[in-house]
Amino acid sequence: MRRTRDDIISDILEAIDSKINRISSIMKNVNLSASLAKKYISMLAEEGLIQDYNGEYKLTEKGRKILEQLRNMRKMELELANIIYEVRKEPVVFHQFYSK
């Protein structure tokens, strides 16, 4: 399954938050090509979510807030998937609409 833009951003922010903060390490950890990693890193820096400190990336306060929101979204998505799974397991009851 192909990852969404938000998935990639979340993965990069998670990596940086976990002290995986050099571009080569981010590429390996997040499974991105050099060109895509540079594109996303550049975009995140321009948006003020990360900062470059001598080749090491760190989350800004804004980046931490966005990462927390992304974590909450993933948690809600998982909870919703579990609810849908449980609902599908319940037997379907058919009502008879026609009288004999």
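**View 1. Thr60 in the loop between strand 2 and helix 4.** In this predicted model, Thr60 occupies the loop that lies between strand 2 and helix 4, and with a relative accessible area of 16% Thr60 is buried, because the cut-off for that class is under 20%. A polar atom of the Thr60 side chain lies 3.0 Å from the backbone nitrogen of Gly63. Leaving out residues up to four places away in sequence, Thr60 touches Gly48, Leu49, Ile50 and Gln51.

**View 2. Ile50 and the residues that Ile50 touches.** When residues up to four places away in sequence are not counted, Ile50 touches Leu13, Ile16, Ile41, Leu44, Ala45, Tyr57, Lys58, Leu59 and Thr60. Ile50 is also among the residues of the largest nonpolar core that touch the most other members.

**View 3. The largest nonpolar core, with 19 residues.** Within this core, Ile12, Leu13, Ile16, Ile26, Ile41, Leu44 and Ile50 are the residues that touch the most other members. At least two core residues are supplied by each of helix 1 (5–17), helix 2 (23–30), helix 3 (34–46), strand 2 (56–59) and helix 4 (61–89), and the largest share, six residues, comes from helix 1. In soluble globular proteins, nonpolar side chains tend to be buried together.

**View 4. Asn21 in the loop between helix 1 and helix 2.** Asn21, placed in the loop between helix 1 and helix 2, is buried, with a relative accessible area of 9%. Apart from its neighbours within four places in sequence, Asn21 is in contact with Ile26, Gly55, Glu56, Tyr57 and Lys58.

**View 5. Lys19 and Asn54, two non-glycine residues with positive phi.** Lys19, which is found in the loop between helix 1 and helix 2, has a positive phi of about 70° although Lys19 is not a glycine, and at 64% relative accessibility Lys19 counts as exposed. Asn54, found in the loop between strand 1 (50–53) and strand 2, is likewise not a glycine and has a positive phi of about 55°; with a relative accessible area of 77%, Asn54 is exposed.

**View 6. A nonpolar surface patch that includes Ile84.** Leu80, Ile83, Ile84 and Val87 make a nonpolar surface patch of about 360 Å². Ile84, which is found in helix 4, has a relative accessible area of 37% and is therefore partly exposed, since that class lies between the cut-offs of 20% and 50%.

Notes. Residues numbered from 1 in each chain as written. Predicted model: local features only at pLDDT ≥ 70, side-chain atom pairs only at ≥ 80, totals over all residues. Heavy atoms only, no water. Core = buried A, V, L, I, M, F, W, Y, C linked by side-chain atoms within 4.5 Å. Buried < 20%, exposed > 50% of the residue type's maximum accessible area, 1.4 Å probe, protein only. Helix = DSSP H or I, 4+ residues; strand = E, 2+ residues; numbered from the N terminus. Contact = heavy atoms within 4.5 Å. Patch = residues over 30% accessible without salt bridge, like charges linked within 9 Å, V, L, I, M, F, W, Y side chains within 5 Å. Areas by Shrake-Rupley, 256 points an atom, 1.4 Å probe, with all protein chains shown as cover. Salt bridge = Lys/Arg side-chain N within 4 Å of Asp/Glu carboxyl O. Polar contact = N/O pair within 3.5 Å; in protein donor to acceptor, adjacent residues only side chain to side chain.
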